[in-house]
Structures are given as C-alpha cells and as structure tokens.
Amino acid sequence: MAYTEEELKKELETKEYEYGFYTDIESDTFPKGLNEDIVIAISKKKEEPEWMTSWRLEAFRAWKEMKEPEWANINYKKPDFQNISYYSAPNKKPKYESLDEVDPELLDTFKKLGISLDEQKKLAGVAVDIVMDSVSVATTFKKTLAEKGIIFCSISEAIKEHSELVKKHLGTVVPQKDNFYAALNSAVFSDGSFCYIPKGVRCPMELSTYFRINQAGTGQFERTLVIADEGSYVSYLEGCTAPSRDENQLHAAVVELIALDNAEIKYSTVQNWFPGDKEGKGGVYNFVTKRGLCEKNAKISWTQVETGSAITWKYPSCILKGDNSIGEFYSIAVTNNYQQADTGTKMIHLGKNTKSTIISKGISAGKSQNSYRGLVQVNSRAKNARNFSQCDSLLMGNDCGAHTFPYIEVKNKTAQIEHEATTSKIGEDQIFYCNQRGIETEKAIALIVNGFSKEVLNKLPMEFAVEAQKLLEISLEGSVG
Amino acid sequence: MDLKDKLVSSFLAFENNIDVDHPVHDIRSEAIKNFELKGFPNRKEEAWKYTSLNSIQKVDFSIFPKETNALEYKDVKRYFLHEIDTYKIVFIDGVYSSFLSETTHDGVDICLMSAALSKPMYKQIIDVYFNEVASKDESLTTLNTAFSKEGAYIYIPKNKMPKKPIEILHFATGNEAALLLQPRNLIIAEENAELQIIERHQSLTSNEVLTNCVTEIFAAKNAIIDYYKVQNDVKNASLIDNTYISQKSNSVVKVHTFSFGGKLTRNNLNYYQNGEYIDSTMKGVTILGEKQHVDHHTLVHHRQPNCESHQDYKGIYGEKSMGVFNGKIIVDKIAQKTNAFQQNNNILISDKATINTKPQLEIFADDVKCSHGCTIGQLDEEAMFYLQTRGIPKKEAAALLMYAFANNVLASVRIPELKMRINRLIANKLGVQLGFDL
C-alpha cells in the first residue's frame with residue numbers, strides 16, 4: 001500500500017506522544033459503573049476463591065463510605081466512578097508457551113513500545129510479565145525462575161495457585177481501608193504481578209512488568225505484591241506508557257512490598273503515562289498507593305522517575321518495623337505543560353537503629369505544579385533512628401510552581417534527623433559555559449538536568465537508567481524559551 | 001455552655017460598654033460573625049494539626065474581669081527591663097495601669113488603643129490601618145478583632161525615633177478563677193522611623209489565664225522595627241499570639257521570640273512584603289520542659305521582587321514537652337530575585353519529648369534562591385566528654401552546649417540588657433549557674 005499524504009499528516013498529528021496509538025484487539029469489557037454485582041462479577045470472571053470475593057466486597061463497602069482525599073496540592077476534575085468500566089481483558093487468551101502463539105497484533109504493539117519478547121531480552125536477563133489492559137498475557141523466563149523456587153506470575157494466577165501465600169500477605173501492608181484509592185483498588189483490581197522469593201535466594205535477574213492502558217474508558221487497577229522471604233534479594237522494575245486519549249484515564253494501583261528478616265527489595269519505576277497535551281487536555285490520573293514493610297535487618301529501596309501523567313498522587317513509603325532496617329527513596333519528578341504532581345514518601349521508624357534516606361528532585365517547567373510531600377516519623381521506641389532528606393527543586397520558566405511539604409515528627413531523643421531543601425533555577429552562567437563550548441542551549445539544559453538528577457538516576461538498574469535519561473530529555477523538550 | 005457560645009453571647013454585653021457608632025464597630029460585628037461561623041480551630045485543620053485547643057475550651061473563662069487589682073511596682077519590678085529606662089505600657093487583667101506605665105505624646109505616640117479608638121484626632125489613622133493586615137477569616141484573629149478595645153497604640157512619624165525602647169506588659173493577677181485576655185496592638189512606623197519593642201505576658205498566680213493577642217505592625221519605607229517577645233509565663237497560662245506585619249520598600253522588621261514558659265503557646269507570625277528590597281527576619285529560641293507546648297507558625301509572603309527573608313528557630317525540648325514548627329514561605333510569580341532562608345534546629349533531651357516540624361515552600365517564581373533546613377538531634381557526646389575531661393560538671397557542660405546552640409539567635413538581640421536578661425532566663429530554665437554571660 002502506498003504511503004499517502006493523508007497518512008503522513010496523521011502520523012505527524014500523533015507524533016507528539018510517541019507511544020500514543022491504540023491497538024485494536026477485541027476486548028471483553030464490562031458495562032460501566034460500580035456496584036456489588038460488578039465486584040462479584042470481576043471475582044467470578046477471574047475464577048477466584050470465595051475468600052477473595054468477600055475480601056473484595058469488604059473493600060467495596062468501605063470504599064462506599066469514603067471520600068476522595070482533597071489535601072493534595074492538585075486541581076482536577078474528579079473522575080466519575082460510575083462512568084468507568086472496571087474490567088477489560090484482551091479476548092483471545094489461551095496460555096502461551098511460545099511467542100508464536102501470541103496474537104501478532106499484540107506483539108506488534110510491544111515492538112512499537114520497544115519491548116522485545118525475544119532473544120534480546122533473554123540475553124539481557126530480563127523476565128517480562130506483560131500486563132496489557134489488566135490481564136497478564138505473556139510470561140517468560142518462568143521456568144528459569146521456577147528452578148530457583150521463585151514465583152513470578154500474575155496476581156490472579158497467584159490467587160488461584162498460591163492461595164495461602166496471597167491470603168496471608170495481601171492487604172497486610174496496605175489494608176483495604178487504607179485510603180480512598182486503595183479501597184477502590186482492593187475492590188476491583190483486575191490484575192497485577194505477584195512475586196515470591198524463597199528464603200536465602202538471590203533473584204538472578206531483574207524482574208520487570210510493563211503496563212499499558214489500552215481500552216478506551218477503562219480504568220487500570222493494578223495490584224502488585226512482592227514478598228522477599230528471609231535473606232533473599234530481588235530487584236523489580238516497573239515501567240509504563242499509555243496511548244493518548246482525550247478523556248482522562250484513571251489509574252489507581254496498589255503495590256505492597258514485604259521484606260522479611262535480612263531480605264532486600266529494590267523497586268524501580270519509570271512512569272510515563274500520557275501527560276495530556278500542551279493545553280492540558282487529557283492525560284492519565286495516577287493515584288497510587290505504594291508501601292513496603294521491613295522486618296529485621298531488611299531493606300527496601302524505592303526509585304522512581306515520574307515524567308508522565310496529568311495528575312500524579314503517589315507516596316511510596318517504608319514502614320521500618322524491624323530493628324536495623326533500612327528504607328530508601330530516590331525520586332525524580334518532572335512536570336511540564338499542565339501536569340501536576342504531588343509526590344513524596346513516608347518513612348515510619350518503628351524499630352531500633354532504623355535508617356532512612358530520601359532524595360527527591362523535582363523539575364517543573366511550562367505551567368506545571370510540582371509538590372514534594374513527605375513524612376518522617378520516629379516513634380518513641382525507635383532508638384537511634386537516622387534520617388537524611390534532601391529535596392531539591394528546579395524551576396524552568398516563570399509559570400510553574402515548586403512546593404515542598406515535609407512533615408517531621410520525632411518522639412525519641414536519640415533520633416538524628418536532617419532535612420534540607422532548595423529551590424532554584426538553572427544558572428545563566430551554567431548555560432553560558434555550555435554555549436561557550438559549543439553545546440546548544442537545549443542540549444545544555446538536558447545536560448544540567450541530568451546532572452541535577454544524577455544521584456537518583458544512578459540508583460536505577462542499567463537498562464532503565466539509559467531510558468530514564470532519554471525520558472527526561474523528551475519530557476522537557478520545548479520548555480526552554 | 002461552651003466557650004464559643006459564651007463568647008458569642010458576650011458580644012452583646014460588650015456592645016453596651018463601647019461606642020457602637022464608631023466605624024470600627026462594623027469591623028467588630030463582621031468579625032464576630034466570622035468567629036460564630038468558624039468557631040475554635042480543631043486538629044482536623046492543617047494549621048492546627050499538632051496543637052489542640054480542646055482542653056482550653058473546657059475552661060470557664062471570665063471574659064470581662066469584674067474588678068481590677070492594683071500592683072505595687074516592687075512586686076513586679078523583676079518583670080520589667082528595669083536596668084534601663086524604657087517607655088512602658090502596662091495592663092493589669094486587661095485594664096490599663098497608668099500608675100505603672102510611662103507613655104508619651106512627645107513627637108511620637110506611645111499610648112493606648114482605647115484612646116486611639118475613641119479620640120477623633122486618631123480617627124484618620126485608625127481608618128487606614130486598623131484591621132488592615134490582620135486576617136479577616138482566621139477564627140482566633142477575628143475573635144480578637146470582635147472584642148478589640150484595649151492594647152498598645154504606637155505611632156512613630158516620619159524620620160522619628162523614640163528615645164528609648166518600649167515595653168508592653170500584660171499582668172494577670174488571678175482575681176478571677178480563669179481569665180481570658182484579648183489585647184489588640186497597633187504599631188505604625190512611618191518612613192525612616194525606627195523603634196524597639198519588648199512584649200511580655202505574665203501571670204502572677206496559678207489561676208488559669210488565656211491570652212489571645214493580635215498585633216498589627218506597619219513598616220513604611222526604610223523603617224526599622226525590632227520586636228522582642230519574651231514568653232516565660234507560669235504553667236497555667238496559655239498564649240495565642242497573632243502578629244501581622246506589612247512592610248514597604250527597604251524596611252527591616254525583626255521579630256525575636258523567646259519561648260521558655262507557659263502551658264500552651266501558639267505564635268502565628270505573618271509577614272507580608274509589599275515593596276522591594278525588604279528584609280524580614282524572624283528568630284526564636286524555645287526551651288521547654290514539663291508538659292509545655294509551643295507551636296511556632298510563620299508565614300512569609302513574598303509579593304514583590306528583590307526581597308529577603310531569614311528564619312532561624314532553635315528548640316530544646318525536655319521532659320514531656322512538645323514543640324511544633326511550621327514555617328511557610330510563599331513566593332509569588334512576580335517576586336523574582338527573592339532570597340528566602342529558613343532554618344529550624346532542634347535538640348531532644350528527653351524520651352517523652354516530641355518535635356513536629358514542617359517547613360514549607362510554595363514557589364511560583366523561577367529566579368529565586370530558597371532553601372530550608374531542619375535538623376533534629378541530641379548533644380554531641382564527644383563534646384560533652386571533652387568538657388567533662390576539663391572539669392566541667394555534666395549539667396553545666398550540657399548547658400554550655402545548649403547556649404552555644406542558641407547563640408546565633410541571641411547574638412542578634414540589639415539591646416544588651418535584654419540579652420543578659422534572656423541569658424539569665426535560659427540559665428534558670430536549664431537549672432545552672434554559669435557564673436558568666438555569653
């Protein structure tokens with residue numbers, strides 16, 4: 001077929017958001033709206049045991065009584081929760097053993113996204129559990145992992161096959177009634193990932209999941225549960241892209257991490273949901289509850305690069321319950337155009353000798369608003385707790401805002417807390433220096449921004465770090481006047 | 001009847017004793033309506049998250065003292081800065097004491113709010129400034145506005161400077177079981193004027209006292225104001241101190257707050273910069289013990305370019321005390337080249353003490369330098385050891401280190417006698433005799 005001018009025009013129109021395309025796959029979608037029947041239907045559809053159904057219903061009943069939180073520093077039109085379809089699954093869904101069986105159209109989608117399920121990834125040592133509109137359709141490397149006793153599968157599969165494990169841990173870190181969005185997620189979560197690392201096992205590869213929102217008007221409610229048993233280690237990667245849609249799409253995920261004694265979990269996220277266009281139209285609402293629980297000597301490390309979404313409401317937290325446990329939070333949040341981000345972390349020190357580090361870099365450009373909101377809490381029994389927080393904001397242009405809301409609550413005299421925050425713009429002398437050496441302004445800014453975010457980028461696994469750097473550049477394109 | 005209802009219904013009685021035809025009365029009526037609507041703040045409000053007024057509301061406060069006591073100067077001399085000569089505006093149970101006061105109309109006006117509100121010669125100034133910068137919707141401020149009648153009135157005309165510092169003292173004598181005081185101060189410094197003020201609230205008994213004070217300060221071009229708040233009240237006295245400051249170009253306003261006493265102290269310190277090249281400085285030392293509670297809330301609103309603000313708050317918390325610091329800096333879009341610094345350092349010396357701190361930046365301009373730092377820690381063990389090896393007992397060694405910790409703030413007190421007085425208060429509070437002044 002010849003390449004027509006019309007097609008070229010179309011391509012240019014959609015080029016703004018590179019990954020903005022829509023895959024035409026027959027989907028099995030529920031009617032819009034939410035009530036107990038829908039919750040039961042979701043549960044049935046997924047062939048869940050009875051305890052799961054009642055768990056969902058309990059969450060739904062709590063959710064009905066709850067109000068949307070309004071304390072965050074964001075303005076948006078509230079989603080109409082009755083105007084969302086709560087379940088959508090790609091239709092042709094046999095369990096695949098090899099890639100040849102996968103719907104070619106779907107494979108094509110992944111190719112465009114740069115995800116190759118073939119040799120390349122295998123060589124890179126990445127097992128991919130792909131979530132496409134809520135249902136896990138392809139899982140690779142399962143066998144390799146299985147040899148080590150590692151369970152890495154979709155949460156719905158886990159509910160069926162590892163019922164006891166899920167039942168024991170689900171909702172222990174983020175209870176059903178934790179907050180409005182967590183309750184909603186608990187009631188209607190469609191799928192997500194489940195990961196269990198047995199005692200003393202060091203997971204040999206980076207685990208990663210790619211999320212996509214595909215079906216129009218479908219909320220995505222991911223549920224992730226990672227359990228690292230005593231003395232184990234796992235590094236988990238999560239990255240997302242979404243097609244561009246005019247109406248706002250809702251994403252309310254819940255991630256629970258459990259690090260038992262001496263275990264370590266490293267959880268990295270690159271979030272690049274559709275941020276809305278230059279006029280602030282469209283874009284994804286990202287309301288995420290992420291929380292980790294550290295037992296004795298355990299360590300949880302959150303790293304996030306947030307460049308997408310129209311609204312981000314996200315506070316990956318650590319509960320440092322066990323003695324000597326460590327919590328870390330490294331974050332880069334970039335907002336451009338009309339994006340709004342209210343993100344940060346909570347470090348709850350309960351055990352003795354607990355340590356936490358917070359490094360947060362906010363970059364605001366265009367007409368965006370970027371807030372850091374954090375809590376460091378040292379309880380009265382948390383002897384010798386140590387915290388270091390640093391939040392730096394970079395402002396580009398005069399129409400954006402940077403805000404910091406750090407809460408520090410200390411009830412123990414042996415605690416040592418340091419917090420510092422700065423706000424500034426890119427120095428003219430820095431740009432001048434680069435220009436002088438033949439680096440044009442746009443590149444210079446990217447260079448400086450990368451330098452500004454280096455401390456966080458360094459914490460990302462290799463493959464992600466490269467991708468994240470590119471993302472930063474793309475997100476800030478055209479923000480230089 | 002709860003305190004809110006009592007206050008609202010007392011407003012009618014209050015109206016019988018004042019000139020209801022004065023234009024200020026419209027402001028009062030408006031204010032009581034707002035208070036009736038909002039009531040006392042509760043902990044669900046972000047600004048009151050860490051400070052509860054519930055126990056205060058349970059006390060049956062007298063709103064108008066039935067009679068006033070006279071005080072002998074010798075009995076209260078120690079609360080004055082008697083080492084130096086000062087102007088004094090003294091109130092006993094909310095009523096002006098001409099016997100203890102020393103006011104003036106010689107070139108500058110250092111006198112009473114009641115006079116300013118009633119005499120026609122002040123009407124023009126009252127019309128312009130009264131309730132101009134104070135919040136019209138913060139409930140406790142409007143409560144004060146509704147009952148505003150008495151307090152200090154200070155007006156320094158262009159190019160003038162009073163000969164000596166001004167002391168504002170409020171005594172409560174305890175002739176009521178529980179007393180609510182609501183002083184209202186208005187301080188105006190015209191162009192190039194300069195003045196120093198020392199404010200103190202002191203209860204002389206163990207009866208319950210609650211002071212809800214509002215002070216409005218206006219600094220015109222090039223004016224310089226030094227304001228010292230000494231808060232070392234007895235353990236049944238609570239203070240809610242609301243200060244609103246409006247600054248014009250090139251003015252410098254410094255507020256030092258020394259909080260060592262009282263049951264519950266809440267300081268709301270608000271700066272509004274309405275000109276360029278302004279310097280706003282606020283510093284504080286807080287040393288608490290027992291079950292004391294001090295809550296510092298500061299706000300600096302940078303509304304114009306090229307201004308600066310400096311904040312430095314040090315806190316030492318012992319026993320079961322609780323400290324709160326919330327410093328908010330807002331930089332408007334047009335306020336380019338703003339420099340805003342904020343620092344809050346805390347030492348916890350007891351397991352039961354709590355500190356909650358929340359520095360907050362809201363920035364809408366890009367060419368700014370804003371930073372805030374906050375630390376919580378304890379005395380350096382090595383330093384303690386070093387001092388002890390040199391024969392300094394543990395308690396004194398700890399006190400020395402705490403002095404050093406607070407010294408940054410003390411160093412900027414510009415009245416030497418006041419600095420010495422505060423040093424002594426700190427030594428008292430820490431229970432040591434150092435034998436020298438720092």
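S16(B) and strand S18 (residues 339–348) of chain B run in parallel and share 10 bridges; strands and helices here are DSSP runs numbered from the N terminus, with at least two residues (E) for a strand and at least four (H or I) for a helix. Two strands count as paired if DSSP finds at least two bridges between them. One such bridge joins Tyr317(B) to its partner in S18(B), Leu348(B). S16(B) also pairs with strand S14 (residues 279–288) of chain B, again in the parallel sense over 10 bridges. There, Ile316(B) in S16(B) has Ile287(B) standing opposite.

How much of strand S16 (residues 308–317) of chain B is buried? Seven of its 10 residues are, so the strand is largely enclosed by the rest of the structure. Buried means that 20 or more other C-beta atoms lie within 10 Å of a residue's own; 12 or fewer makes it exposed, anything in between partly exposed, and the C-beta atoms are placed from the backbone.

## About the model

This is a predicted model, where local features need pLDDT of at least 70 and side-chain atom pairs count only at pLDDT 80 or more, while totals for chains, interfaces and linings use all residues. Residues are numbered from 1 along each chain as its sequence is written, and chains are lettered from A, with ligands numbered from 1, in the order in which they are written.

## Chain B as a whole

Chain B has 10 helices and 20 strands. Its C-alpha atoms fill a box of roughly 70 × 55 × 45 Å along the principal axes.

Among contacts in chain B with a separation of 6 or more, 82% link residues 24 or more positions apart. A contact means that two C-beta atoms, placed from the backbone, lie within 7 Å.

## A look at Leu269(B)

Leu269(B) sits in strand S13 (residues 264–273) of chain B. It counts as buried because it has 24 C-beta neighbours inside 10 Å. Setting aside neighbours within four places in sequence, Leu269(B) touches Thr243(B), Val255(B), Met282(B), His297(B) and Thr298(B).

## Where the chains meet

Between the chains, 31 residues of chain B are in contact with 30 residues of chain A. On chain B's side, strand S19 (354–363) and strand S20 (369–377) are the elements that give two or more residues. S19(B) gives the most, with 10 residues.

S19(B) also pairs across to chain A: strand S23 (residues 401–410) of chain A runs antiparallel to S19(B) over six bridges. In that pairing, Ile408(A) has Thr357(B) as its bridge partner.

## Helix H3 of chain A

Helix H3 (residues 50–65) of chain A has 16 residues. Which of its residues are buried? They are Trp55(A), Arg56(A), Ala59(A), Phe60(A) and Trp63(A). These cover an arc of only 135 degrees around the axis, which puts them on the same side of H3(A); the arc is that of the directions from the helix axis to the C-beta atoms.

The buried residues of H3(A) are covered by elements including helix H2 (36–45) and helix H9 (180–188) of chain A. The face turned away from that buried side carries the exposed residues Glu50(A), Ser54(A), Lys64(A) and Glu65(A).

Methods:
The expected span of a helix is 1.5 Å times one less than its number of residues.
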